[in-house]
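Hello,

Here is the structure we talked about. Please have it open while you read the notes below.

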Amino acid sequence: MKKVVKFGGSSLASAEQFKKVGDIIRADKSRRYVVPSAPGKRSSSDTKVTDMLYSCYNLAIREKKFTSLLDEIHARYNEIIDGLNLELSLDHEFDMIRENFGKKIGRDYAASRGEYLNGIIMANYLGFCFIDAAEVIRFHEDGSLDDEKTNELLSLRLEGEEFAVIPGFYGAKEDGTIVTFSRGGSDITGSLVARAAMADLYENWTDVSGFLIADPRIVTNPKSIETITYRELRELSYMGATVLHEDAIFPVRKVGIPINIRNTNAPQDKGTLIVESTCRQPKYTITGIAGTDGFAAVTIEKAMMNSEIGFCRKVLEEFDKNGISIEHMPSGIDTMTIFVHKDEFEEKEQQVLAGIHKAVNPDHIELESDLALIAIVGRGMRSTRGTAGRIFSALAHAHINVKMIDQGSSELNIIVGVRHDDFKNAIRALYQIFVETQI
């Protein structure tokens with residue numbers, strides 16, 4: 001058995017948290033490769049080390065004094081080192097950072113030092129080999145990940161190391177220039193390491209016991225999801241469920257490695273298992289509910305629209321010309337509605353409307369803003385009759401008007417559109433009818 005374990009910033013924010021992580025790793029000898037994030041917040045009023053590094057580098061590029069803030073960051077790490085009783089000094093590393101900040105070497109370099117330094121501490125604490133991610137995570141010149149080269153470099157390096165720490169979030173181009181993933185990118189590093197090591201399991205440790213069926217900021221104490229497929233996860237992540245970086249799915253999905261989301265502060269919890277497919281029946285009809293607001297809808301009406309060849313293409317081309325992405329497009333015989341992100345659309349709405357008028361000569365165009373989209377996702381919906389009816393019933397009972405409903409051909413998800421003001425109440429109503437009434 002071989003496991004890759006990734007720990008998020010909240011799991012490594014202090015020496016106390018480091019000790020919890022150490023206990024978790026030592027409790028299972030199959031946890032052989034560790035991917036740490038930078039230290040997160042120690043309290044709600046604290047600042048993440050990555051944010052401190054960004055602020056420090058911004059001072060440097062504006063030719064302002066940055067050394068006092070860098071010393072604060074150094075002190076954060078020394079606090080962890082002292083709390084772990086380690087014989088370790090990061091003085092040399094901070095001298096290099098100070099020098100490179102002075103040279104304005106780059107924001108990605110600045111941000112990556114949080115993981116880099118935490119990786120050194122973690123390797124020292126565990127007695128594992130430290131592997132700099134810049135040596136094994138490769139990016140193309142345009143800043144995109146070189147997936148195949150990365151797998152080649154990582155596989156070769158891990159062959160010779162039984163236990164190792166590889167910092168998350170960053171890698172490098174061929175010339176050594178540091179490049180970072182987007183925020184949450186340590187999840188991706190963990191996935192890449194799991195693939196290269198041909199691990200049996202990728203454990204992603206954070207501050208929650210897996211995925212929750214609904215947002216706990218909206219629904220009080222929502223139930224956790226025991227098992228979820230990659231496809232279901234993609235649907236929920238797209239709609240705002242953010243426990244795991246959505247790009248972290250692809251490397252392990254290619255080789256069928258499951259992901260287990262676990263809680264560092266409650267290691268006894270099983271968490272959520274993310275798999276390619278499963279014959280396990282879900283506990284509820286749905287797997288999860290997720291949503292996001294800030295949408296606008298453009299409805300185009302024209303008699304006999306359905307018999308006009310190229311009508312939809314001409315309409316969509318107007319959005320394409322103005323660089324506006326389309327989220328959903330429900331249609332009827334004489335109408336079609338385009339859902340777009342409001343902030344993208346507002347700036348160019350008049351150009352788009354004028355273009356549609358010229359292209360298809362519609363009878364009427366109607367705009368509606370302040371809309372939200374909610375995805376009800378679950379493999380169990382395929383074998384359950386009346387799911388859409390229950391959705392309508394729950395929302396009607398909560399006095400919520402449905403602006404749009406769209407079911408994917410996979411029967412894996414149903415998306416409903418509601419007004420922004422009804423967004424939270426809609427999620428609560430859906431959770432109640434699909435989860436609470438089944439308990």
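**Notes on the model**

Arg113 touches Leu53, Tyr77, Ile97, Tyr170 and Ile178, leaving aside residues up to four places away in sequence; contact means heavy atoms within 4.5 Å. This is a predicted model: local features need pLDDT of at least 70, side-chain atom pairs count only at pLDDT 80 or more, and totals for chains, interfaces and linings use all residues. Residues are numbered from 1 along each chain as its sequence is written, and side-chain values use heavy atoms, with hydrogens and water left out.

Arg113 sits in helix 5 (residues 107-126). Helices are DSSP runs of H or I, at least four residues, and strands are runs of E, at least two, numbered from the N terminus. Arg113 is buried but has no salt bridge. Buried means under 20% relative accessible area, exposed over 50% (1.4 Å probe, protein chains only). A salt bridge needs a Lys or Arg side-chain nitrogen within 4 Å of a carboxyl oxygen of Asp or Glu. The nearest side chain of opposite charge, Asp132, is 5.1 Å away.

Now helix 3 (residues 67-83). Its buried residues include Ile73, Arg76 and Tyr77. Seen down the axis, the buried residues of helix 3 fall within an arc of 150°, so they line one face; the arc is taken from the directions from the helix axis to the C-beta atoms. The face turned away carries exposed Ser68 and Asp82. Helix 5 is among the elements covering the buried residues of helix 3.

Last, the strands. Strand 11 (residues 288-301) runs antiparallel to strand 14 (residues 364-377), joined by twelve bridges.

Best wishes

Definitions and conventions:
Lys, Arg positive; Asp, Glu negative; His and termini not counted. Pairing = 2+ DSSP bridges.
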